[in-house]
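Let's take a walk through a protein model together.

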Amino acid sequence: MALLALFVAVGALAVSLKVLREYRPRPGQPTPGERIAALEERIRDLLYRVWTLEQQSPPRAPTPDVSPTPSEIPSPSIPPSPSIPPSPSIPWTPEPGVSVPPSAPEPARAPAEAAAAPSIRDAVAHAAAPPEPAPPPRLDLEQRIGARWATWVGVVAILFAASFAVKWSIENNLIGPRTRLGLGLAAGIASLLAGLVLHRRRDVPYLSEALSGLGLGLCYLSLYAGYAYYELLRVGAAFGLMFVVTVLGTIVAVISERQVTAVLALLGGLLTPVLLASDQPNERVLMGYLAVLDFLVLAIARFRTWSALNRLAWAGTVLLLVPTFTRQPEAETPVVRLALLTALFVLFLLTPLAREWSQGRRLREVDLLIVAGTAAGYFWAVYVTLEAWRPILEAPVALALAILYTIVAGVYRRRVPDDEATVEVLIGVACVFVTLAIPLALKGPWITLAWAAEGAVLLWLAPRVATPVAAWGGTAALILAVLRVWGGDTWASPNWPPVWNATFLAHLLTVAAIVVAGQLALSLRGDQLLTTKPEVLRAVLWVLASQTLSILLWREPSGLWPAGLLAAQVLVLGALSRLIASPTFAVAVPVAALMLLARVLVADDSMAKTAAENLLNRYLVVRIVACAVIGLAGRWLAGSGASVHAGTVGRTVSGTAGVVLLFVLSQG
């Protein structure tokens, strides 16, 4: 390694001297000041020739005057243009063969022509101004292979050669360990500085980042060799020096505007805990180191928009922390762990938003993957820690995160008003945390009721916010509540009486919340539901509420009460179809009628057969009443005009009721 490090250092010094030599004028060549003076003289000569040609050209034909008469508008006096004297600061001599006429006033020109002709001073200033830097051309595959890939292949080859040189120097004991470490660090720093010096050279655009990457690799390799092979550095010293190398690499990357250099520096910083890992890793040291490293990434995000760097930092932090939490979920000091986790969470929450936040406008697409991934990863780590320490704090943490993301969304919307996508994701994350906080804080059917209330509140707030996330989040919460009523909650127990229990009350309140949410859906704007209309959303929610109520009336009471309550529901739905013009009833009435028929013909069939000894029994009466109620509800629906299909559906329901009634009477 010593010989190779010496060669690399000499090579870097030679490249630097070559660059300085190119900037220094050679003997016999003009200085930059002399070149500028010659250019100005040449420009003056060309301008004088143009002026001479204008003087010798024949006068133009007068254009017809369509302006008002001179008596109406006085003609402005135009002073003649002075002749072009030579500049007192720069001597000017005409070329041989060019005659110089005596100074004469320039003939008067029209006002529009005089205004359009630029002055000589402006022309000279414009010509002497440095040209704007052209954007770097895009490389095709051949140029990319020859320019960038070949350079990086050379860098990798040098790193492998340095590794073999280290092994060779150790086996032959050529140079002492301290000298090897010093030469390796010197070569790495020299390469890093050479890359910084060459970052302005446009003829070798990839040599700068290649030398910077080579310097970082040599520094990391030397420090790791000093720790693992030579045992010259302790863990703390090697840790600190590698972090210093990471800081130097990021500074060079920011100055040279090279994302590749920043990625290599960060990659080396993330590999440092892996290379210097011990048998008993210190969790607090690791998290503190990652917090400082990620703060460095946040500082870079303030000046440069490098999404690859942010994603690498996030992915590296997750990969380093997940084994720690899975191996030891119970922390020795939970408060310290939560504090460090919170610091990492804040850093990754602000990193994707830092540049837009500071500029007050949208510069690019915000990395929404980091925004959502940070929320999920942080809550998972906090949940693992609190589950083994204080489970009672899980719900408050989820609620606090919902409030935090809501505040961040509001502030970000005011700072960056043209970035609706980021605001929608932030509001969506807040809604998810509210939904998670409910089951963590409540138990049993009260979770269902809280989700239904959350959905109603979000639909109430949706018209007051610009983002459609509240509308879709509220609908999702209501669907979760419906699914819990159908099969998630425990609805029967021998320890409580039917109907008169807390579960049935919570479920009835859930149905009421869904009905209210359906009415609130009418206030939504059309752009908040994509291609869905507010009337359609209300119809869907009301159909779900009706079906949920039918399930409750079926399974909770006993005896003939379910059939009687279902018949009352069908009758109420048919009456409402005449009062409210909604497509809800074209679906809710036939579905409720089918539930009623299934109850009286299938579920209660065994009890009806037992009571069939008497010609007239209560089960037969209930079946006849059910058919009559269904027929009446179908007739009301057919004449309601609730939808274009209400007439057909209503007549079908009434006809089905008549057929079932004939069947019931024939069985009786």
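How many aromatic pairs does a search of the whole structure find? The search finds eight; rings of Phe, Tyr and Trp (its six-membered ring) pair if their centres lie within 6.5 Å, with planes under 30 degrees apart called stacked, over 60 edge-to-face and the rest tilted. One of the pairs is formed by Phe325 and Trp380, which is edge-to-face at 6.2 Å centre to centre and 75° between the planes. Phe325 lies in helix α11 (residues 307–327) and Trp380 in helix α14 (residues 368–387), so this pair ties together parts that are 55 residues apart in sequence. Helices here are DSSP runs (H or I, at least four residues), numbered from the N terminus. Phe325 counts as buried because its relative accessibility is 2%, while Trp380 counts as partly exposed because its value is 37%. Buried means under 20% relative accessible area, exposed over 50% and partly exposed in between (1.4 Å probe, protein chains only). Ring pairs also link Phe345, Tyr378, Phe379, Tyr383, Tyr405 and Phe433 into a cluster.

A word on how to read all this. This is a predicted model, where local features need pLDDT of at least 70 and side-chain atom pairs count only at pLDDT 80 or more, while totals for chains, interfaces and linings use all residues. Residues are numbered from 1 along each chain as its sequence is written, and side-chain values use heavy atoms, leaving out hydrogens and water.

Next, the core. The largest nonpolar core has 69 residues, and those touching the most other members are Leu266, Leu290, Leu309, Leu321, Tyr405 and Phe433. Such a core is a set of buried Ala, Val, Leu, Ile, Met, Phe, Trp, Tyr and Cys residues joined through side-chain atoms within 4.5 Å. Not counting residues up to four places away in sequence, Leu266 touches Thr246, Leu293, Val297, Leu309, Leu312 and Ala313; contact means heavy atoms within 4.5 Å.

Two more residues are worth a visit. Gln259 is in helix α9 (residues 259–275) and is partly exposed, with a relative accessible area of 29%. Gln259 and Ala308 are 49 residues apart in sequence, but 8.3 Å apart in space, C-alpha to C-alpha. Cys431, in helix α16 (residues 420–441), is buried, with a relative accessible area of 12%. Leaving aside residues up to four places away in sequence, Cys431 touches Glu454 and Leu458.

Definitions and conventions: Helices (H or I, at least four residues) and strands (E, at least two) are DSSP runs, numbered from the N terminus.
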